[in-house]
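Here is a short report on one protein model. Keep the structure open while you read.

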Amino acid sequence: MLFNTQIFLFVFLPIVLLGYYCLHKASLHNGAKILLFLSSLIFYGYYNPAYLILLLGSIAGNYVLYKIIQRLLPDSVKNGWLRKGVVIVGVAANLFVLFYFKYFNFFLHNVNKVFRTDFNLRNIILPLGISFFTFQQISFLVDCYKGETGKYNLLDYGVFVAFFPQLVAGPIVLHKDMIPQLSEKSRWKPDMERFESGLKYFVIGLFKKTMVADRFGQVVSLGYAGAMRWSVWETILIILSYTLQIYFDFSGYSDMAIGLGKLFGIDIPVNFDSPYKASSIADFWKRWHMTMTQFFTKYVYIPLGGSRKGIIRTCINTMIVFALSGLWHGAAWTFVLWGLLHGAALVFHRLFHVCMDKLPKALTGFVTFLFVNIAWVLFRAEGTYQAGRIFKSLLTGGFAVQNMDLCYAFLGDNPKFMLENISWGTPLFDGIALAVTIIGIIAALLVVFAAPSSHRIANSRKHYRGEGVVWGFAAVLCIMTFTKVSTFLYFNF
């Protein structure tokens, strides 16, 4: 089920929200949790109920391992190796499931190419959110091994893993950030301030997704489909459009997740903090997909030695982490190259940050944004060949614009149809399409670089006359787009 659909907004959410607080009101607190868990399963299995078998199996298996580790903890000296063995088995089992569903065909394909074999690829459907709930449970097992988890029952653990706002596209939530909230009595009844903040978060995220990200997504889809025929200007438009699409799409989902969590009295971690305002690549990764960065830092980078074993080891660890980060996003060499490119940029920053810190922040910020734009080409391309064609067009495409197809794509079908049926000439229509596209890009960039973050807006306690009308109008505009539903980009990861 998608947030940007009528069935979610007008049927699923009101029923679950009302039932959740009514059960708490009746002092049926476990009943409220059961409702939240079952509704999350309905949300997840809405399009493909077969996904539920994997999700429920994963929850049950990891909880059993958690209870075994918990039982071994009291005598940690005697049972140390046994406890370590259990957590190794648990992490390996989680990674094996992730490997099979996400990377098995990628592995076979590369084996066939390298060794000239002919293994048949399997028809494996990638379950939604498998990367997110797998990493979430790996972190839980590791924390349990370290003695950092409490005594949680199966119901609390199930809600922690399956909570529908963050289940399919994150953020990657740690147990300490969520499970204790389920037992806080102050969160069992509606809080008007929290509700107001949650609704604002949701509308902001919905607007980002439906009114901005999807608009640029139309340009990106057309641009990458015809990657062999664009001019330099058109290629810049395509690259910049994806930079804006993924920003507003993923941050929009994260905002909606936070907003929905607040409606249920649960605070979900912030995953974005205006990343394109970053003054360096290191600053960018403190702001972009923050929970993933925290996961790899705590569970991969630090165990590898972090920055404690000299500069060479630090650089190697950084490259390993970002190669894994790229692979986490998808089973393709383009993702690995994207990760390595960012890793190399971070290594460069670590080696020369003393000199770079002396430069104007406006300059380093512009260079960082330019680098992120270029790197996104690898992230978006369906293969290295397509990425190469985009880069070739950027360098050798010439400056003569071929047509207004990309601008028409930005306008969308309905505005184009309306304008074409007015008795204007083609040059005038082309001019309008170009002007609207330029204005849209400038407006989006102003939001990215100059507007306050969604967190400041949603959590602000200041009220202005007519504010409710503005929020309501924005919500109505978003709902009007529900006739053309699009999934979120990170559903693929």
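Helices (H or I, at least four residues) and strands (E, at least two) are DSSP runs, numbered from the N terminus. The model is predicted: local features need pLDDT of at least 70, side-chain atom pairs count only at pLDDT 80 or more, and totals for chains, interfaces and linings use all residues. Residues are numbered from 1 along each chain as its sequence is written, and side-chain values use heavy atoms, with hydrogens and water left out.

**A nonpolar patch**

Helix H13 gives the most to a nonpolar surface patch, with five residues. Helix H13 (311–329) and helix H14 (333–356) each supply at least two. The patch covers about 740 Å². Its members are Ile311, Ile312, Ile316, Ile320, Leu324, Phe348, Leu351 and Phe352. Patches are made of residues with over 30% relative accessible area and no salt bridge; like charges are joined within 9 Å, nonpolar side chains (Val, Leu, Ile, Met, Phe, Trp, Tyr) within 5 Å. Accessible areas come from the Shrake-Rupley method with a 1.4 Å probe, and for residues only the protein chains shown count as cover.

Take Ile311, which lies in H13. Ile311 is partly exposed, at 44% relative accessible area. Buried means under 20%, exposed over 50%, and partly exposed in between (1.4 Å probe, protein chains only).

**Two packed helices**

How do H4 and H5 pack? Helix H4 (residues 80–115) and helix H5 (residues 130–145) pack at an angle of about 175 degrees, and their axes are 10 Å apart. That makes H4 roughly antiparallel to H5. Axes are lines fitted to C-alpha atoms, for helices over the stretch in contact; angles run from 0 to 180 degrees between N-to-C directions. Angles under 35 degrees count as roughly parallel, over 145 as roughly antiparallel, 65 to 115 as roughly perpendicular and the rest as oblique. Residues of H4, including Val87, Leu95 and Phe101, meet residues of H5, including Phe135, Ile138 and Leu141.

**Salt bridges**

Side chains of opposite charge can pair when their charged atoms come close. A salt bridge here is a side-chain nitrogen of Lys or Arg within 4 Å of a carboxyl oxygen of Asp or Glu. The whole structure holds 13 of them. The table shows some.

| Pair | N to O distance |
|---|---|
| Lys33 and Asp156 | 2.9 Å |
| Lys262 and Asp267 | 3.3 Å |
| Asp283 and Arg287 | 3.2 Å |

The pair of Lys33 and Asp156 links distant parts of the chain. Lys33 sits in helix H2 (residues 29–44) and Asp156 in helix H6 (residues 154–162), 123 residues apart. Lys33 is buried at 8%. Asp156 is buried too, at 7%. Lys262 is buried, at 14%, whereas Asp267 is partly exposed, at 31%. Glu184, Arg187, Lys262 and Asp267 are linked in a network of salt bridges. Both Asp283 and Arg287 are buried.

Gln245 lies in helix H10 (residues 232–263). Its relative accessibility is 9%, so Gln245 counts as buried. Gln245 touches Ala213, Phe216, Gly217, Val220 and Leu489, not counting residues up to four places away in sequence. Contact means heavy atoms within 4.5 Å.

Ser274 is in the loop between H10 and helix H11 (281–284). Its phi is near 45 degrees, a positive value in a residue other than glycine. Ser274 is buried, at 8%. His289 is in the loop between H11 and helix H12 (290–301). The phi of His289 is also positive, near 45 degrees. His289 is buried, with a relative accessible area of 0%.
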